[in-house]
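Hi,

Here is the structure I promised to send over. Have a look at it first, and my notes follow below.

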Amino acid sequence: MRGLVFDGIRVVDFTHRVIGPFCTELLGMLGCEVIKIESSRFPDRTRVQQPGPRRDGTEQSPFALSYYDLISRGQAIHLNKKSIRVNLQQPAGRELVRRLISVSDVVVENFSPGVMERLELSYEHLRALKPDLIMVSISGMGAQGPEASYRGAASTFVAQGGIAHLTGYRDGGSTLLGVSGDLMGGTTACFATVAAMIHRQRTQEGMHVDVSGRECHSSLIGEVFLDYQMNSRNGSRMGNHDLAMSPHNCYRCKGEDKWISISVATDEEWKALCQVMGADELLTDLRFADPVSRWTNQDALDQLIGRWTAGYTDYEVMEMLQRAGVAAIPSFAADELFHDPHLRERGSWVVVEQPTQGQRYDLRLPWRSPGTSSISYQRAPLFGEHTTQVLEEVLGLTKEEIASLEKQQVLI
Amino acid sequence: MNLPSWPLDGIKVVEYAQFVSGPFCGKMLAELGAEVIKIEPPVGDVSRSRGPFPGDSPHPEKSALFLYLNTNKLGITLNLGNSAGRKLFLDLLQDADVLVEDCAPGFLDELGIGYKMLAKRKPKLVMTSITPFGQSGPYRDHKAYYLNTFHAGGEGYCMPTYEGSSLYADREPLRVGAFAGEAFCGQVAALATAVAIMRQLAEGVGEHVDISKQEALLHTAGRIDISLYPNEGIIKSRATLSGAGAMEHTMLECMDGSVCVSLDLDNETLWRHLVDGMGWPDGSRVEAFQDPAYRRNHAKEILAHINVWANGKTKNEAYHLLQSFGVTAGGVETAKDILNSPQLNAREYFVQAEHPVAGTLAYASLPFEFSGRKRRRPAPAPLLGQHNGLVFCQRMGHTEEAVARFRALNVI
């Protein structure tokens with residue numbers, strides 16, 4: 001008995017790609033029973049996508065359905081879920097999921113708006129089946145509006161959200177955020193879902209939650225829209241710099257591609273930095289005498305600091321500067337984060353068994369609390385792994401009924 | 001008795017946090033209906049001096065950052081360095097369900113008002129503590145500003161990230177623009193708090209929620225990329241491609257800015273639409289390009305051609321045309337673009353609020369909608385100490401003379 005407050009909550013999960021699945025992964029971590037609906041007719045790309053070329057240049061394994069269950073991306077965002085095979089193109093398949101939804105609490109989907117309607121699985125359809133159902137629809141633009149049918153992805157959420165315009169080198173173009181656009185949006189979608197669950201807990205009412213991927217990102221930078229209204233300006237890229245603090249950048253350290261981030265907010269910290277660097281002459285250098293001058297001359301300052309940090313490893317710089325009360329933290333690379341003593345002690349990395357090759361490492365829930373301390377982490381499901389189990393245990397189907405569905409090509 | 005209309009109606013939150021993360025968490029709870037009392041030190045939240053300001057003229061009641069992050073909150077002042085201030089703090093919390101705070105770990109304990117003490121007085125209190133590295137671990141007391149926490153999360157090392165980012169392998173890793181990372185930590189804190197509230201409502205039990213900003217970023221945004229290291233030996237950085245296989249993410253240069261596209265080269269239907277829409281490839285090459293493997297091997301050529309096509313168009317033209325071809329595309333939008341977006345305006349994403357000093361402005365609202373509930377105009381951010389009278393006098397029963405004395409003695 002895990003004693004998680006979400007125990008007993010059943011989620012029917014139609015999501016695919018990343019933003020939706022990460023939302024449902026969080027729900028699964030929190031103790032919900034998440035049942036992922038999959039079909040070989042429309043494989044979830046996260047089961048198929050490659051993580052990228054290896055540093056040593058060797059080839060990755062080619063795409064193939066047999067690698068369905070081994071790809072890192074899928075593994076990382078499908079923990080704590082069950083998978084059942086259902087062909088939604090078949091009326092019998094849709095009837096099956098309707099039955100499942102009638103005994104479930106939450107439905108999450110991130111199809112293009114209109115798809116669930118065509119499958120007769122829209123909120124209106126499902127609410128008639130289960131009045132207190134919580135349905136969460138995640139899309140790039142939201143369920144309504146002139147561009148509601150437009151396609152979105154992690155990159156476009158961040159671009160249309162306004163974050164990409166503000167991110168990048170001062171002398172360079174905009175940069176995107178990669179897949180994290182999906183992961184941040186999925187987190188927000190989970191927040192909205194939990195809010196709906198609280199509402200249902202208090203009122204026994206269900207809700208349809210309509211999450212917009214691009215809006216998730218705009219909401220993170222709301223002050224820039226006020227700035228535009230106040231000052232008719234759009235903001236600009238400034239690399240790692242800040243509008244007030246200086247020094248405020250990443251500096252190269254000893255070793256291959258290692259960097260330390262340093263951020264100085266007060267005169268006291270500035271003095272401490274100079275002392276640690278053994279650069280007393282900077283304290284009397286008029287270019288850096290006060291915060292405004294430091295900011296104005298920060299390019300020169302960056303160069304000076306970079307010359308110093310280059311003589312030490314990132315961890316050495318962190319230790320020296322932290323001892324002196326200066327904010328310095330490496331721009332951690334993945335290997336550092338895996339071996340880092342702080343994350344080890346915090347229990348960030350959890351071990352799950354991998355379907356065929358022993359163990360794999362994943363990151364736990366993004367926070368710690370007594371109410372979530374009894375979470376256990378289960379590996380991502382194999383494709384359709386729980387089809388029989390769910391049909392038997394949740395829907396009470398007999399072996400004959402299941403065999404008949406297989407024959408009708410409903411469970412593919 | 002009226003049924004609550006919003007999930008957190010009637011829930012009482014006290015927020016003792018500054019700058020971005022804690023206030024964003026409080027803002028999210030307020031948006032869902034909670035009453036949030038924001039405690040500021042007598043000199044005010046630091047974000048009041050950050051700006052941006054109208055005309056770049058600093059004014060504590062006109063900072064866009066403060067105005068946006070603190071809508072829908074009551075504002076009081078308290079000096080916790082003063083024993084009378086701490087007494088008021090304890091009294092205030094007797095009536096609160098949730099405390100959101102961002103003090104350095106151990107700070108409140110040393111003042112005798114940490115979680116243990118608060119929980120003794122109010123066992124069902126949910127206390128969410130937001131710090132750079134959490135309440136425990138070797139980095140617990142490390143100093144970190146927003147640049148440092150972002151790079152601590154591992155994503156900075158991977159930025160910039162897009163096709164061609166390897167060009168920047170020799171340059172410093174980047175932070176995300178504005179305070180997006182910091183706000184997102186607040187989003188994770190809001191999710192964690194909502195989960196704890198659900199438990200509080202269900203079981204009458206409180207708890208101490210420990211948010212490490214590093215984990216909030218790493219376990220979400222860094223989830224897929226960072227776990228590539230222990231499992232596949234890949235250290236993702238800005239020198240490696242985003243590597244999404246057949247999905248090509250790239251930026252197109254239009255006349256007035258960039259459009260990012262996410263191109264699924266395996267998709268036959270999409271390819272046909274693209275060919276028809278662009279009139280390329282033509283002639284003898286059409287057949288060659290019909291093979292998905294050929295397309296993948298010629299991805300660069302395809303993208304180069306689409307770029308040339310885009311060069312002669314505005315962002316908006318390219319965006320709508322590409323979407324009409326079925327391509328996932330989104331402009332790199334500025335504040336101006338977003339404020340004028342027909343999609344966002346149809347969804348009433350921007351809501352007006354009238355602030356007594358800063359005037360009437362349009363504010364970004366929640367990035368999701370609940371069925372049957374329109375997005376609401378927020379109450380404006382409070383003036384400094386605006387609700388001291390309401391809270392200390394009307395609710396806590398102190399006389400106006402007492403409050404004047406408090407002010408004179410720097411208690412509030």
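Before the interface, one term: a polar contact here is a pair of N or O atoms within 3.5 Å, where, within protein, one must be able to donate a hydrogen and the other to accept it, and residues adjacent in sequence count only if both atoms are side-chain atoms. With that rule, 73 residue pairs are in polar contact across the interface of chain A and chain B, both residues being at pLDDT 80 or more.

Some housekeeping. This is a predicted model, in which local features need pLDDT of at least 70 and side-chain atom pairs count only at pLDDT 80 or more, while totals for chains, interfaces and linings use all residues. Residues are numbered from 1 along each chain as its sequence is written, chains are lettered from A and ligands numbered from 1 in the order in which they are written, and side-chain values use heavy atoms, with hydrogens and water left out.

**The interface**

Chain A puts 160 residues into the contact and chain B puts in 154 residues; contact means heavy atoms within 4.5 Å. The area buried between the two chains is about 13,500 Å², with carbon and sulfur atoms giving 61% of that. Buried area is the accessible area (1.4 Å probe) that two parts lose on being put together, summed over both.

The rule also finds 14 salt bridges across the interface of chain A and chain B, a salt bridge being a side-chain nitrogen of Lys or Arg within 4 Å of a carboxyl oxygen of Asp or Glu. R214(A) and E333(B) form a salt bridge, their closest N and O atoms being 3.0 Å apart. On the side of chain A that touches chain B, the largest share is 16 residues from helix α7 (residues 180–203) of chain A. Helices (H or I, at least four residues) and strands (E, at least two) are DSSP runs, numbered from the N terminus. By class, that side of chain A has 79 nonpolar, 51 polar and 30 charged residues. Ala, Val, Leu, Ile, Met, Phe, Trp, Tyr, Cys and Pro count as nonpolar, Asp, Glu, Lys and Arg as charged, and the others, Gly among them, as polar.

The two chains pair strands as well. Strand β6 (residues 207–212) of chain A runs antiparallel to strand β12 (residues 368–370) of chain B, over three bridges; two strands pair if DSSP finds at least two bridges between them. D210(A) has E369(B) as its bridge partner in β12(B). D210(A) and E369(B) also belong to a network of salt bridges with E215(A), R347(B) and R375(B).

**Inside chain A**

Strand β4 (residues 106–109) of chain A has V106(A) and V108(A) pointing one way and V107(A) and E109(A) the other, and all are buried. Buried means under 20% relative accessible area, exposed over 50%, and partly exposed in between (1.4 Å probe, protein chains only). β4(A) pairs in the parallel sense with strand β1 (residues 10–13) of chain A over three bridges, and D13(A) has V108(A) as its bridge partner. Strand β5 (residues 134–139) of chain A also runs parallel to β4(A), joined by four bridges, with M135(A) as the partner of V107(A).

Helix α6 (residues 154–161) of chain A is mostly covered, with eight of its eight residues buried. Just after α6(A), G162(A) takes a positive phi of about 105 degrees.

**Inside chain B**

Chain B has 19 helices and 12 strands, and 63% of its 412 residues count as buried. T71(B) counts as buried because its relative accessibility is 1%. Its side chain makes a polar contact of 2.8 Å with the side chain of K27(B).

Over all chains, a search of the whole structure finds 50 salt bridges. In one of them, R48(B) and E61(B) have their closest N and O atoms 2.8 Å apart, and both residues are buried. E348(B) and K374(B) meet in another, at 2.7 Å from N to O. There, E348(B) is partly exposed, with a relative accessible area of 36%, whereas K374(B) counts as exposed at 57%.

Cheers
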